[in-house]
Every structure is written in C-alpha cells, then in structure tokens.
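Hello,

Here is the structure we talked about handing over. Please load it first; my notes follow below.

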Amino acid sequence: MIDALWTNLDYVGSVVLFCIGLYCVITKNNLIKKFIGINIMETAVFAFIVALGVVEGGDAPIMGSGATPPFTNPIPQALILTGIVVAVSTTSLALSLIIRIYRHCGTIEADELREMG
C-alpha cells in the first residue's frame, strides 16, 4: 500500500490538493476564499493531467542530435497551458464580480448575501 502511494505520489498529491480546494469551497462563507478554493482545485487538475503525460525515463520531445526515445507526451502540457490562460481569465472575471457584489451589497459573505435575497 505504502509502495503504491509512493510510486504514484504525483497523483496522490493532486488528489490531496483537490480535496483541500473542495474543503475551502464547501466550508468557507467568504466569496474570495471560495474562489481561492476553486483555484486550488484547478491547480490540482492541471497537476494531475501533466503527471499523466510523464513517461518514465522520457526525454523532452525536442528533436535534435541528442534526442532519444522515449519522449514525454507534449499534448497534456499544451492543454494545460491553454487551461492556465482560461483559469487566469476566469479568476479576473470572478474577482471583478466579487468587487461589484461588495460595492452593491456591502458584503461578500455568502450567508449574508443569501439572507438579502
């Protein structure tokens, strides 16, 4: 059991990170803290997908005189770069919406906003 966890440490780390983010989303009332939890969950998914593309003993997929197979899979890394751009843009949009909510309602606590109706 411990050997399996140690062998798959990158996957385990991603799952633990995802659970930390989920805990923040579920338990926190502050909208900024909830969104930080969502960002932690995004980072965990990114790390998990990048870890899927790793090939044991693989080189970077750059052709040249010293390149020898096996190569790591470059597609997950390219997908994650796109995901990071999308995550940054959604973060900026969410933070701007939270600022608008604060200016309009005077609070960013979810339970107080729910009571306002």
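The buried residues of helix 3 pack against helix 2, helix 4 and helix 5 (110–116). Keep in mind that the model is predicted. The buried set in helix 3 is Leu31, Lys34, Phe35, Gly37, Met41, Ala44, Phe46 and Ala51.

The length of helix 3 checks out. The helix has 22 residues, so at 1.5 Å a residue it should span 32 Å. Its end C-alpha atoms are 32 Å apart, which agrees.

Look also at the start of helix 3. There, a side-chain oxygen of asparagine 30 comes to within 2.9 Å of the backbone nitrogen of isoleucine 32.

Next, helix 4, which holds threonine 91. Is threonine 91 buried or exposed? Its relative accessible area is 17%. The cut-off for buried is under 20%, so threonine 91 counts as buried. Leaving aside residues up to four places away in sequence, threonine 91 touches Phe35 and Asn39. Of these, Phe35 is among the buried residues of helix 3.

Helix 2 covers residues 9–27 and includes glycine 13. Glycine 13 is partly exposed, with a relative accessible area of 37%. From glycine 13 to asparagine 39 is 26 residues in sequence. In space, C-alpha to C-alpha, the two are 16 Å apart.

One backbone detail to check before you set anything up. Proline 69 and proline 70 are joined by a cis peptide bond, with omega at about 5 degrees. Proline 70 sits in the loop between helix 3 (31–52) and helix 4 (74–105).

Best wishes

Technical notes
Residues numbered from 1 in each chain as written. Predicted model: local features only at pLDDT ≥ 70, side-chain atom pairs only at ≥ 80, totals over all residues. Heavy atoms only, no water. Helix = DSSP H or I, 4+ residues; strand = E, 2+ residues; numbered from the N terminus. Buried < 20%, exposed > 50% of the residue type's maximum accessible area, 1.4 Å probe, protein only. Contact = heavy atoms within 4.5 Å. Expected span 1.5 Å × (residues − 1). Polar contact = N/O pair within 3.5 Å; in protein donor to acceptor, adjacent residues only side chain to side chain.
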